[in-house]
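Hello,

Here is the structure you will be working with. Please open it first, then read the notes under it.

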Amino acid sequence: MKIAVIGTGYVGLVSGVCFSDFGHEVICVDKSVEKIEMLRKGLVPIYEPGLEDVLARNIAAGRLTFSTDLTTAVDGADAVFIAVGTPTRRGDGHADLSYVMAAAEEIGRALTGYTVVVTKSTVPVGTNRKVAEVIRAAVPEAKFDIASNPEFLREGAAIEDFMKPDRVVVGVKTEQAKAVMAAIYRPLYLRDFPIVYTGLETAEMIKYAANAFLATKISFINEIAALCERAGADVKGVAKGIGLDGRIGSKFLHAGPGYGGSCFPKDTSALARIGQEYGVPQRITETVIAVNDAVRRRMVDKVLDLCDGKVAGRKIAVLGVTFKPETDDMRDSPSLTIVPALIGAGAKVHVVDPHGRREGEALLPGVVWEEDAYAAAKDADAVVILTEWNQFRALDLKRLAGDMAVPRMADLRNIYDRESVLAAGFVAWDGVGRG
């Protein structure tokens with residue numbers, strides 16, 4: 001199959017690279033000349049484990065190319081995937097579809113034969129039909145079908161998720177479009193991974209419903225964690241006890257500073273807005289959003305309380321600023337709320353993150369970047385664990401405590417337990433929901 005992928009952001013780049021690894025001929029298109037030149041050299045502009053190796057392998061095999069020329073890329077393509085951004089629109093919570101619609105019009109004008117135009121971007125219900133209208137308005141005689149193919153990739157594990165998915169969701173209207181999509185995903189079908197075919201609107205809704213449900217689990221356990229702190233219970237024990245129930249499952253039941261990243265904040269906000277537009281308010285999702293916002297503020301209070309209510313003039317070491325480990329993504333990270341709040345309270349914040357500095361320098365003005373946890377913690381009045389990178393899971397706690405001015409730890413990812421931290425020489429420790 002010949003495939004064009006429009007947009008080389010996270011979703012577009014991972015999808016294009018993995019499609020080429022299936023054996024398809026793939027051209028990835030982006031308007032950024034700088035990014036395309038970088039990719040042609042085999043350099044990846046984002047941090048995603050394994051992506052650079054797969055990209056290099058398929059460039060070398062001649063299956064993967066990069067271009068700024070959408071018209072040439074679309075010419076003769078069996079399928080064109082739209083994978084441009086749909087950021088939350090300022091002021092109203094809507095997904096901004098301007099990039100999607102601009103891409104659709106440009107694709108329409110470039111079509112030279114029957115093509116399936118596939119929306120990979122996360123879009124509100126009804127968007128795919130609007131994409132078809134835009135293409136039809138631009139080129140009334142165009143021969144094409146629309147498909148919806150939402151992504152379910154976890155940052156930090158995207159290659160594994162694409163190659164070994166829980167399921168692939170494909171929304172189509174015609175058998176011809178279904179046949180093209182089946183051919184594209186045939187390598188997964190042959191290995192018995194589920195391919196779920198639905199209508200367009202159902203596929204669009206599956207994406208939002210899935211992310212809202214996972215976000216709900218996170219906000220739920222964070223509310224339980226707050227209750228555990230008052231009631232003297234341990235949220236880790238609670239999470240294990242309920243997670244062993246097969247109807248509930250253990251994933252996404254880790255109490256912490258709240259969800260972030262490119263998907264959950266944007267998609268929960270969009271789903272809430274869609275519900276309002278259709279006159280069916282999504283009360284649970286709206287509450288999930290409110291709880292997540294409150295959790296972040298509660299984490300700031302934890303650090304302040306640990307420091308006896310005052311951080312002004314004190315050095316605070318923050319370990320991790322990306323929204324999760326194994327990614328350089330800072331979008332809607334809890335650190336973007338917590339760190340500025342500490343700086344606003346007068347703290348001198350020193351930060352360390354294995355891959356967060358590239359984006360973080362612009363997003364977190366006023367912090368001092370360090371190379372490792374021990375340098376960050378030297379002479380600090382508290383250390384705050386914000387992201388559970390493996391580098392922070394096996395710290396020499398005695399060395400850490402010995403280098404600090406006042407050895408206090410706010411473990412906002414519940415990596416350590418109170419007893420081991422205090423035994424290492426810390427004078428104070430606080431986790432999330434640890435009773």
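UniProt positions are given in the numbering used here, feature names are shortened, and annotations may be inferred rather than shown by experiment. This is a predicted model, in which local features need pLDDT of at least 70, side-chain atom pairs count only at pLDDT 80 or more, and totals for chains, interfaces and linings use all residues. Residues are numbered from 1 along each chain as its sequence is written, and side-chain values use heavy atoms, with hydrogens and water left out.

An unreviewed UniProt entry gives the feature "binding site" to a set of residues, including Phe152, Lys207, Phe252, Leu253 and Lys324. The set spans 173 residues in sequence and its farthest two C-alpha atoms are 24.1 Å apart, so its members do not all gather at one spot.

Two of these residues, phenylalanine 252 and leucine 253, lie in the loop between H11 and H12. Helices (H or I) are DSSP runs of at least four residues and strands (E) of at least two, numbered from the N terminus. Leucine 253 is buried because its relative accessible area is 5%, whereas phenylalanine 252 is partly exposed at 28%. The cut-offs are under 20% for buried and over 50% for exposed, with partly exposed in between (1.4 Å probe, protein chains only).

Beyond four places in sequence, phenylalanine 252 is in contact (heavy atoms within 4.5 Å) with Leu214, Lys217, Ile218, Ile221 and Phe264. Leucine 253 touches Lys217 and Ile221, among others.

Arginine 247 is in the loop between helix H11 (235–243) and helix H12 (264–277). Arginine 247 counts as exposed because its relative accessibility is 76%.

Regards
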